[in-house]
Amino acid sequence: MHHSTAPEADRDSFVRVRGAREHNLRGVDVDVPRDALTVFTGVSGSGKSSLAFGTLYAEAQRRYFESVAPYARRLIHQIGAPKVDSVTGLPPAVSLEQRRSSPGSRSSVGTVTLLSNSLRMLYSRAGTYPAGAERLDSDAFSPNTSAGACPSCHGLGRIHRTSEELLVPDPSLSIRQGAVAAWPGAWQGKNLRDILEVLGHDVDAPWRELAAKDREWILFTEEQPVVTVHPVRDADRIQRPYQGTYMSAHRYVMRTFADSKSATLRTRAERFLADSPCPACEGRRLGPAALAVTYAGRTIAELAALPLTALDGVLAAAPPEGEAALVLAQDLRSRIGPVVELGLGYLSLDRTAPTLSAGELQRLRLATQLRSGLFGVVYVLDEPSAGLHPADTEALLGVLDRLKAAGNTVFVVEHHLDVVRHADWLVEVGPLAGEHGGRVLYSGPPQGLSDVAESATARHLFAADGQTPQRRVREANGVVRLTGVDRHNLRDVDAQFPLGVFTAVTGVSGSGKSTLVGQVLAREVGERLADPSFPVRRLVEVDQKPIGRTPRSNLATYTGLFDVVRKLFTQAPQARERGWKAGRFSFNVPGGRCETCQGEGFVSVELLFLPSTYAPCPECAGARYNTETLEVTYEGRNIAEVLALTVESAAAFFAGVPAAARSLRALEDIGLGYLRLGQPATELSGGEAQRIKLATELQRQRRDHTLYVLDEPTTGLHPADVRVLLRQLHGLVDAGHSVVVVEHDMEVVAGADWVIDLGPGGGAEGGRVVAAGPPERVARTAASRTAPYLARALAGGSR
């Protein structure tokens, strides 16, 4: 890379990419203007993310590392620079990607947006303290510091406790019959019982007849007496006396929960723990000193629990006491503004990050960037419209314009046609996915795309009106009624979900869609599956959670395809000679795998001050296996080469193997033919993970009535791919199943049989059923914010 300091380089108003070969890109050359809004489009898997994130963002990040720290050069060498000949004219970049590592349970809306810092300052400097109390540092108002955390629950706000009811579910049993359900089974449980007998407790009386203080001791004592046990002689074996140590049920459960390495044991222990608000801080996470300070008559915990719109109201109304309060309150309000503008005013500062959707999280980071006042940088955004109702998309466009107006370059990977139309410059990658993509078909102002015959985007962007064929609405053959639902912002809601049809649930962000469908409906149906008269026999929830958190899980392991492939390899002559079993071809166990990376193909590189990154393993270069294993071939390919095949190539390669062909066909039918079999779960987007789960489900071909529940299945899908997915979903309904989707894509909603629209707003302004019925009827509902957009889609207009 040459860093030219010639003046003409400064005047170049384009970022110029030459020879980009990252992932499936085929030596791409493209010029993109600076200080403009550029949208990268193309079907899913075409290579647009490889260009925007894998090349442009990665290169900007690499240069940034080089400029900040000499020690970073070594790391860059390990991570590897993006495969590109040259990139010129590139400013430093800020990435707002959806698949960034999901934040932990200690982060919240307040910490992601940095609003918590401002609020803590306000309390520290301008709060009303009790008479004679010392002024606290702003740290003391954070539950994540030792100064601020409630001492009882260490700032978590909840504690895990056991109770007699949980430990002894059936008090009519005796200890010998297993009254203490929380104890381990087998020998260890028998051992504890024998010790109690030696200690003089009655192990044959029903539990409820034991004295209260004995029951208390057996379950909760912290003492661990050691006694000599003389086991009863079984006829078949003589057992020696042994020293036994007693451990109460509570102690056993707490220890297993805290220390056990086994997930199964931990889950078992959790059954005996009630998760209850901490009695000391009443779930507010802070110590007593911080909770004694108020502002506008409220504690910091009370303000943090308010929706941001309400918090803004309190700050606006509170008479400022002194200069500091005035400045700090204004600063807070100016930070709340962009969050509300992006349709997230219903969130409260204490809402934890894991409960937020990927779209909500990305928009929170976007709102934070608006306030950062950076200029001259590149923002790279990954489908910022994900999870946005069409009514909120307009606000998003305003925010993107403001970032651009502040002197920044904005690159967006996006499928939403309203965002695509709004671009100053469009880069279309394609024409298809995977190895049939990776070329730049067009780079220029949006209008010019209409002349590009092979562009899948052009067909939808400039579609003539009246394209949506009218379908007949299906008749329901049953119904699931939910009555009096109270959950999050749903207040006493009644909703009906018809069966045997395709139902779409709509509403602005935060209106309660995911709560109603993912929590209430799914739980209700789950509980009623046991009732033989209930028409639904199975419930399948397909969410966007990753199919695994490490490079160890991949497409092949998740779908079960990997087992089939390993069996084929064990039948190869070289494997037979060496007596190798299927385990030899697994990269998760020692034997056949490369031990340097333990079969991950990557090694984790820890960067100071930066999130850790994965770099290809120096030993096997990403192949995951050792050289001996790679000597075995099946039909001319070794196991690493088979894992490197795309689903589409693999379908041809395994055409004669029915067990493999079926799952590959299911993946192809849903539009995932471009993914590699060994593609690590960490590299898949939420939408891809969801479609893999759906394909895995579809290949099972259920006879009995199944209810499929999907949360925004079109996320990350190009309009052309949406049609492929819809064919699959409608096929399920035609086969006699029921489908419920939470969706913002109006083309999907227009094709549904039944629509349930929640709202009218988000948070406290939402949580009601505004309209329910066939799409035509909902489109005419005056109170619905969805109606005008749905009406436009029904008329065959743009999405």
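This is a predicted model: local features need pLDDT of at least 70, side-chain atom pairs count only at pLDDT 80 or more; totals for chains, interfaces and linings use all residues.
1. The crossing of α13 and α14 has a left-handed sense.

2. Which residues make the contact of α13 and α14? On the α13 side they are L308, T309, L311, D312, L315 and A316. On the α14 side they are L332, R333, I336, V339, V340 and L344. Sorted by class, the residues of this contact are nine nonpolar, one polar and two charged.

3. By class, the contact of α9 with α10 has five nonpolar residues, one polar residue and three charged residues.

4. Next come the empty spaces. Rolling a probe the size of a water molecule over the atoms shows where empty space is left. How many cavities of 30 Å³ or more does the structure hold? There are three of them. The largest cavity has a volume of about 250 Å³.

5. The lining of the largest cavity consists of 20 residues. Those nearest its centre are S385, H416, T714, H744 and D745. Six of the lining residues of this cavity are nonpolar, eight are polar and six are charged.

6. The second largest pocket has a volume of about 760 Å³. Its lining is made of 31 residues, and P143, R284, R285, D350 and T352 lie nearest the centre of the pocket. The elements that give two or more residues to this lining are helix α5 (115-126), strand β6 (158-161), strand β9 (274-277) and helix α12 (300-304).

7. Which element gives the most to the lining of the second largest pocket? It is α5, with four residues. By class, the lining of this pocket divides into 11 nonpolar, 11 polar and nine charged residues.

8. Two cis peptide bonds deserve a look. One runs from G430 to P431, with omega near 0°. P431 sits in the loop between strands β12 (425-430) and β13 (439-444). Another cis peptide bond joins G759 and P760, and its omega is about 5°. Where is P760 placed? P760 is in the loop between strands β22 (754-759) and β23 (768-773).

9. One further backbone detail concerns L114. Its phi is near 65°, which is a positive value in a residue other than glycine. L114 belongs to the loop between α4 (109-112) and α5. Helix α5 is also one of the elements named above for the lining of the second largest pocket.

Note on methods. Residues are numbered from 1 along each chain as its sequence is written. Side-chain values use heavy atoms; hydrogens and water are left out. A crossing is left-handed if the near helix is turned anticlockwise from the far one by less than a right angle, and right-handed if clockwise. Contact means heavy atoms within 4.5 Å. Ala, Val, Leu, Ile, Met, Phe, Trp, Tyr, Cys and Pro count as nonpolar, Asp, Glu, Lys and Arg as charged, and the others, Gly among them, as polar. On a 1 Å grid over the protein atoms alone, a cavity is a set of points where a 1.4 Å probe fits but cannot get out, and a pocket is an open set with protein on both sides within 12 Å along at least five of seven lines; lining residues have an atom within 4 Å of a point. Grid points are joined across faces, edges and corners, and a volume is the space filled by probe spheres set on the points.
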